[in-house]
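Please open the structure in a viewer and keep the sequence at hand.

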Amino acid sequence: MKKTKLRGIALVTAIVCTTAGCTAGKNPTPPGSSASEGSAATQTVSSDNGTGFNGPMVGQTAPRGAATTDDNIPVPEEGAAAAPKTGDELLNINFDDGNTAGFMTFTNGGSFDLENSEGRLDCSISKCGSVDYGNQAYLDGFELVQGCEYTYSFDISSDIARKVEYRLQLNGGDYHAYQGDYIQISPDVLHFSVDFTMEEASDPSPRLVFNMGKMDDMSSDPGDHHVFVDNIKLKIKNADNASLAGAGSLPAYLKVNTNQLGFRPDDTKIVFVKTENDGEDFFVCKTSDSSIVWQGKLSGSEDDPASNTKTARGDFSEVTGPGSYFIYTASGVSYPFAIGEDVYNDLYKDAVSMLYRQRCGMALDSASAGDYAHEACHTSPAVIYGTKTTKDVSGGWHDAGDYGRYVVPGAKTVADLFAAYEDYSVDSDDMGIPESGNGFPDLLDEARYELDWMLKMQDEKTGGVYHKVTCSNFPAMDAAPEEETEELIISPISVTATGDFAAVMAKASVLYKDKDPEFAATAYSAAAKAWEYIIDNEDTVGFLNPEGIETGEYPDPITADERYWASTELYLACLSGAPGSENDDPAKYSSHLDELSKQYDEEKATHTDPVHGDDSNPENRLGWADIISYAWYDLARSDTEFASAAKAKLTEEADRMLEASTKDRYFMCLGTNYYWGSNMGIASDAELLYMAANISDEAKAAEYRGLASRALDYLLGANALGYSFITGYGTFYPKDIHHRPSLAAGKAMPGLLAGGANNRLEDPYAESVLSEAAPSMCYVDNSQSYSTNEIAIYWNSPFIYILAAEMK
């Protein structure tokens with residue numbers, strides 16, 4: 001990476017264009033070009049006040065730097081880290097305050113508790129499990145700098161003779177140790193000390209670990225015993241050779257950002273420029289020869305609270321010719337982008353294919369899954385929590401960066417696919433999945449794979465639906481799907497899972513009735529059975545993990561929306577004559593709608609939204625927790641007594657988004673509340689806006705669609721970070737995603753929507769490197785940052801919907 005000067009503008013160049021989204025490697029200042037800084041084709045860029053730019057005219061060539069790389073595409077520059085000093089004490093923990101100093105537990109087949117006993121960390125172990133990390137006590141919140149020499153020490157003992165493993169390790173990936181070893185301990189206190197040099201790249205968020213599982217010298221489990229730890233110290237012995245380069249430094253992001261994938265010819269095209277100046281000139285240039293094809297002026301620069309910057313906008317919608325371009329301004333240049341009718345085709349296919357690549361319970365072949373092919377996984381029967389009963393629940397989609405399967409987010413994903421199919425007639429049958437070419441739309445084939453699994457998750461006796469199936473904890477970060485072989489556990493039934501299940505099954509009974517009436521009848525029967533459970537368990541609260549289960553929870557204290565959605569879809573399925581509904585009365589379901597709507601309002605007033613928190617705005621997004629808008633949309637399109645009220649509620653929500661977007665320079669609706677999975681919120685907001693457009697007059701619909709399109713631009717690079725948040729698409733996109741199949745394959749699966757900015761800093765890595773970042777800047781491309789850089793099926797699904805809307 002090297003810095004050059006572009007006539008007073010600092011740029012950084014490197015070879016980073018490797019995908020179709022980068023327009024075949026074209027670049028702003030191509031090598032071999034003949035124009036020079038002093039030629040008549042270039043003009044001076046004033047850098048003293050930013051307003052004296054006498055820019056080139058249309059038909060001339062944009063200024064360029066003399067030094068280039070093979071592709072000469074601008075990429076962010078790494079920032080500097082604080083210098084460590086000899087003698088700095090990173091940790092000094094003695095447990096004298098009676099607490100456990102922030103230590104956490106991880107188990108993999110083992111069982112233990114942490115407490116403070118007589119001023120020591122007391123690890124009370126009841127079972128060791130079958131691996132050395134079966135019981136793990138760990139601590140985050142420090143850093144290791146390359147080249148520094150450290151002294152690490154602690155006191156340790158046990159009430160039995162046994163081995164333990166100490167580690168200072170990577171907190172992600174393969175979790176390899178920077179320093180660690182096995183040590184023999186006994187009832188006598190051992191004072192252990194070791195000096196080591198951090199040879200690898202600096203790590204701003206490593207993990208301190210004590211492994212107390214089954215060691216190689218254990219012929220059997222030793223049973224109940226204790227391990228005691230005290231006086232933990234980590235000190236820099238020598239910082240003379242410290243290197244500040246490497247992990248933990250954040251990019252100095254580009255100042256000029258737009259949709260990196262590109263636009264169709266007639267699209268609205270906006271560029272965003274971080275600048276203090278008003279009315280700067282900007283230029284649209286060809287990447288082939290840097291010639292300028294269009295010139296415009298930026299708007300006034302205004303405060304953007306979410307990014308804590310002043311940002312101007314430029315509209316270049318008049319540029320419609322197919323080709324590859326970049327934006328040039330006095331403040332910098334943009335990444336390249338394309339204009340063409342087919343700019344989204346490959347992206348759409350990869351976004352949908354992501355769901356196939358997330359399939360569980362079947363072997364994925366390389367022809368369809370590429371580098372992410374694997375043998376059949378998670379096919380053994382799972383045990384129902386708290387019993388010895390087992391059940392076949394194979395199939396479905398892996399939910400996110402782990403291999404758990406969850407009904408609640410799975411239902412949202414299916415709902416988005418159904419909406420895309422219904423609203424935009426997405427009936428392609430050539431997406432490259434095994435079912436392609438069977439004469440049935442691939443979106444419905446893919447949804448069917450999840451629905452078949454969901455049917456297995458229903459309890460045959462009560463009709464209730466089990467919340468999820470996972471192991472007791474997450475597997476290693478680099479584990480391939482078939483390598484997770486721990487016992488599968490079916491977590492208890494939840495009313496949220498049951499309500500979501502009933503809704504999508506009822507909807508399926510309508511969508512599949514013509515081409516697969518037998519499945520449609522099965523789906524309706526299952527939905528009706530689930531409704532019986534809902535009616536019998538009206539006071540049931542949302543799901544919480546039972547003891548011993550540490551995987552994703554998807555808690556939701558607000559359950560009236562799930563019940564409302566279920567009653568809506570069963571009511572509409574009855575009215576449509578879905579197979580299996582012949583002897584059912586629509587009033588059996590519609591009679592609950594008014595009361596459930598009131599309950600929903602009451603619950604929203606008394607509970608905190610589990611996703612958006614107390615300051616969510618708007619409140620009724622199409623998320624996994626707040627899903628009532630799916631019901632409103634289907635009611636609004638129906639010929640029923642509920643249509644008018646439902647339309648009013650949905651469009652009211654859309655109008656709130658329009659209002660919120662006026663306060664954000666990038667047209668987003670989140671204010672300064674960027675939460676876990678904010679990119680899902682942005683995509684789902686756009687989906688709701690398109691839905692509102694579909695039920696509104698043309699004038700209002702144009703407003704809604706216009707704002708929805710800005711969300712797509714944001715996700716593809718028109719944001720304050722300048723990231724295209726879709727792996728493999730654009731120029732500057734996530735490469736170190738928190739996604740086990742990607743880490744196992746050694747490269748990020750294409751077409752994944754990263755979680756995005758999260759100003760709550762909900763993982764140790766994000767907390768380490770983003771503590772000073774503005775809300776919309778709280779993102780880091782590192783697999784350790786699961787709260788900003790994970791992926792999920794229900795994050796991709798609204799993105800699929802908005803792509804379908806854009807491509808219509």
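Select helix H3, residues 407-424, in this predicted model. Of the 18 residues of H3, 16 are buried, so the helix is largely enclosed by the rest of the structure. Just after H3, select Ser425, which takes a positive phi of about 50°.

**A tyrosine from a distant part of the chain**

Next, select Tyr801, which is found in helix H17 (residues 793-807). Is Tyr801 buried or exposed? Its relative accessible area is 0%, so Tyr801 is buried. Draw a distance between the C-alpha atoms of Tyr801 and Phe418: the two residues are 383 residues apart along the chain, yet these atoms are separated by 9.2 Å. Which residues does Tyr801 contact, leaving aside its neighbours within four places in sequence? The contacts include Asp416, Ala419, Ala420, Asp423 and Tyr424. Tyr633, Glu687, Tyr690, Met691 and Asn694 are also in contact with Tyr801.

**The nonpolar cores**

In soluble globular proteins, nonpolar side chains tend to be buried together. In this model, the largest nonpolar core has 160 residues. Select Leu451, Tyr512 and Phe799, which touch the most other members of that core. Apart from it lies another core, of 41 residues, among them Val145, Val194, Met198 and Met215.

Return to Leu451 and show what surrounds it. Not counting residues up to four places away in sequence, Leu451 touches Val414, Phe418, Val504, Met505, Ala508, Tyr512 and Phe519.

Now select strand E24, residues 323-329. This strand is mostly covered, with six of its seven residues buried.

- Strand E20 (residues 281-286) pairs with E24 in the antiparallel sense over five bridges. Here Phe282 stands opposite Thr329 of E24.
- Strand E26 (residues 337-339) is also antiparallel to E24, with three bridges. Ile339 in E26 is the bridge partner of Gly323.
- Strand E25 (residues 332-333) pairs with E24 in the antiparallel sense over two bridges. Val333 in E25 is the bridge partner of Tyr328. E24 and E25 form a hairpin, with two residues between them.

Next, select Ser334, whose place is in the loop between E25 and E26. Its relative accessibility is 1%, so Ser334 counts as buried. The side chain of Ser334 reaches the backbone nitrogen of Ile327 at 2.9 Å.

**Aromatic rings**

A pair of aromatic rings is described by the distance of the centres and the angle of the planes. How many aromatic pairs does the structure hold? There are 36. Select Phe283 and Tyr328: their ring centres are 6.2 Å apart and their planes stand at 50°, so the pair is tilted. This pair links distant parts of the chain, since Phe283 belongs to strand E20 and Tyr328 to strand E24, 45 residues apart. Phe283 is buried, with a relative accessible area of 0%, and Tyr328 is likewise buried at 0%.

Then select Tyr512 and Phe519, whose rings form an edge-to-face pair, 5.2 Å centre to centre with 75° between the planes. Tyr512 counts as buried at 1% relative accessibility, and Phe519 is buried with a relative accessible area of 5%. Finally for the rings, select Tyr253, Tyr335, Tyr714, Tyr723, Phe725, Phe732 and Tyr779, which form one aromatic cluster.

**An open sheet of five strands**

In which order do the five strands of the open sheet lie? The order is E28-E27-E31-E30-E29, and the pairing is mixed. Select the edge strands, E28 (390-391) and E29 (405-406), each of which pairs on one side only. Within the sheet, strand E30 (residues 468-470) and strand E31 (residues 489-490) run antiparallel and are joined by two bridges. Thr470 stands opposite Ile489 in E31.

**Two loops with positive phi**

Select Ala101, in the loop between strand E5 (89-93) and strand E6 (104-107). Its phi is near 60°, a positive value in a residue other than glycine. Ala101 is partly exposed, with a relative accessible area of 34%.

Last, select Glu118, in the loop between strand E7 (111-116) and strand E8 (121-127). Glu118 has a positive phi of about 55°, although it is not a glycine. With a relative accessible area of 73%, Glu118 is exposed.

Methods: Residues numbered from 1 in each chain as written. Predicted model: local features only at pLDDT ≥ 70, side-chain atom pairs only at ≥ 80, totals over all residues. Heavy atoms only, no water. Buried < 20%, exposed > 50% of the residue type's maximum accessible area, 1.4 Å probe, protein only. Helix = DSSP H or I, 4+ residues; strand = E, 2+ residues; numbered from the N terminus. Pairing = 2+ DSSP bridges. Contact = heavy atoms within 4.5 Å. Core = buried A, V, L, I, M, F, W, Y, C linked by side-chain atoms within 4.5 Å. Polar contact = N/O pair within 3.5 Å; in protein donor to acceptor, adjacent residues only side chain to side chain. Expected span 1.5 Å × (residues − 1). Phe/Tyr/Trp six-rings, centres within 6.5 Å; stacked < 30°, edge-to-face > 60°.
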